[in-house]
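Me: I'm new to this one and would like to learn how to read it. Can we go through it together, feature by feature?

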Amino acid sequence: MQLKEQIQEVLAQINDLKAQNEKELEDLRIKYLSKKGIVVSLMNEFRNVSADQKRELGIALNKLKTEAQNKINQLRESMQNSNISVDADLDLTRTAYPIPLGTRHPISLVRNEIIDIFTRLGFSLADGPEVEDDLHVFTKMNFAADHPARDMQDTFFIENSPNDIAKNVILRSHTSSVQARVMEHQQPPIRVICPGRVYRNETITARAHCFFHQVEGLYVDKNVSFADLKQVLLLFAQEMFGKDTKIRLRPSYFPFTEPSAEMDISCHICGGKGCSFCKNTGWVEILGCGMVDPGVLELCGIDSKKYSGYAFGLGIERITNLKYMVKDLRLFSENDERFLDEFVSAN
Ligand code: PHE
């Protein structure tokens with residue numbers, strides 16, 4: 001057969017090529033395009049072609065080679081496409097590439113900043129469970145058996161044993177439960193902060209939510225005084241909100257601290273002049289604090305004659321509101337990316 005006819009025949013074969021799988025495709029590639037393949041061997045015969053046919057056959061051979069390559073590529077592509085549609089692991093709901101880089105949640109940003117400030121002051125981190133028992137949330141924190149916080153209206157119950165409150169399992173309503181957990185296992189000096197989520201049975205509005213975040217602080221050692229507490233809190237407020245920030249302590253009551261106080265800072269939004277955020281007082285409350293009640297130390301196995309301590313608990317949402325002027329608490333848990341993308345920070 002003449003070279004010209006051979007080329008025609010191979011061209012026709014190539015047009016009809018089919019492959020069911022990778023192996024068949026590879027066999028075809030070897031058969032036609034490898035060094036010993038049909039196309040190359042036809043090209044080798046080009047040397048013997050008479051001069052007057054060189055031009056015509058040269059073009060035909062080149063066309064054959066390109067057609068063969070195209071066909072193999074085309075078969076490979078359609079095989080890959082069909083593989084995708086049968087791949088059981090393929091997740092069609094996955095975000096398309098390029099996956100955009102997220103930002104940290106504002107609550108995490110502020111929590112990290114708070115942790116950063118207190119660890120520089122020598123505090124270490126402690127942790128406790130969110131699903132807690134009555135013992136750590138209430139009993140060891142000196143709550144009376146009939147304290148209203150123990151009521152279902154205020155606290156979420158996982159298990160409720162009306163006749164034996166010691167058996168109650170609840171969602172912790174404050175991070176003070178971690179105070180009890182730490183003191184049970186460690187003798188002074190204790191200097192910890194415990195960031196975490198807490199739950200309260202509240203109707204969700206712009207100003208209240210059924211879960212939020214706190215950072216608890218606990219310092220127990222010999223000769224710890226209220227002045228130590230005040231100075232640490234002042235340092236914290238100035239690190240967080242700037243050197244000009246002022247603090248004031250108002251007497252308050254918590255079952256687990258004596259004396260107890262609530263701390264306000266000069267309003268970060270209006271600089272203390274008065275605005276809607278601080279209800280024109282110039283001050284905003286950010287935390288509760290006090291000297292650890294000696295009864296709590298004893299309940300947790302610490303000698304209250306030898307040691308004293310202070311504790312504080314601050315709300316991360318409150319601080320975030322002030323820092324970023326977020327007025328509606330619900331925004332923090334709605335996962336609206338337009339809101340979340342507004343918070344960009346180095347940490
Ligand atoms: N646990 C208190 C609250 O949730 C805050 C607090 C912590 C007060 C530690 C005093 C000492 O409101």
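Me: Let's start with charged pairs. How many salt bridges does the count come to?

Reply: The general idea is that side chains of opposite charge can pair when their charged atoms come close. Keep in mind that this is a predicted model. Here the count comes to 18 salt bridges. One of them joins E132 and R181, with the closest N and O atoms 2.6 Å apart.

Me: Where do E132 and R181 sit in the chain?

Reply: E132 is in strand β2 (residues 131-133), while R181 belongs to helix α7 (residues 176-185).

Me: Is E132 buried or exposed?

Reply: The cut-off for buried is under 20% relative accessible area. E132 has 2%, so it is buried.

Me: Which salt bridge do D133 and R181 make, going by the N to O distance?

Reply: Their side chains meet at 4.0 Å, N to O. D133 is partly exposed, with a relative accessible area of 24%.

Me: Now for a pair between two strands. How far apart are the closest N and O atoms of R250 and E262?

Reply: Those atoms are 3.4 Å apart, and the two residues form a salt bridge. R250 sits in strand β7 (residues 247-254) and E262 in strand β8 (residues 257-266), twelve residues apart. R250 counts as partly exposed at 27%, whereas E262 is buried at 18%.

Me: Which residues are linked with R250 and E262 in a network of salt bridges?

Reply: The network also takes in R248, D264 and E285.

Me: Let's move on to strands. In what sense do β8 and β9 pair, parallel or antiparallel?

Reply: As a general idea, in a regular strand the side chains alternate between the two faces of the sheet. In this model, β8 and β9 pair in the antiparallel sense, over eight bridges. As an example, M263 has L287 in β9 as its bridge partner.

Me: What does β9 meet through five bridges?

Reply: That's strand β10 (residues 308-315), and the two run antiparallel. L287 turns up again here, standing opposite L314 in β10.

Me: Why is β9 described as largely enclosed?

Reply: Look at its residues, 283-292: eight of the ten are buried, so the strand is largely enclosed by the rest of the structure.

Methods:
Residues numbered from 1 in each chain as written. Predicted model: local features only at pLDDT ≥ 70, side-chain atom pairs only at ≥ 80, totals over all residues. Heavy atoms only, no water. Helix = DSSP H or I, 4+ residues; strand = E, 2+ residues; numbered from the N terminus. Buried < 20%, exposed > 50% of the residue type's maximum accessible area, 1.4 Å probe, protein only. Pairing = 2+ DSSP bridges.
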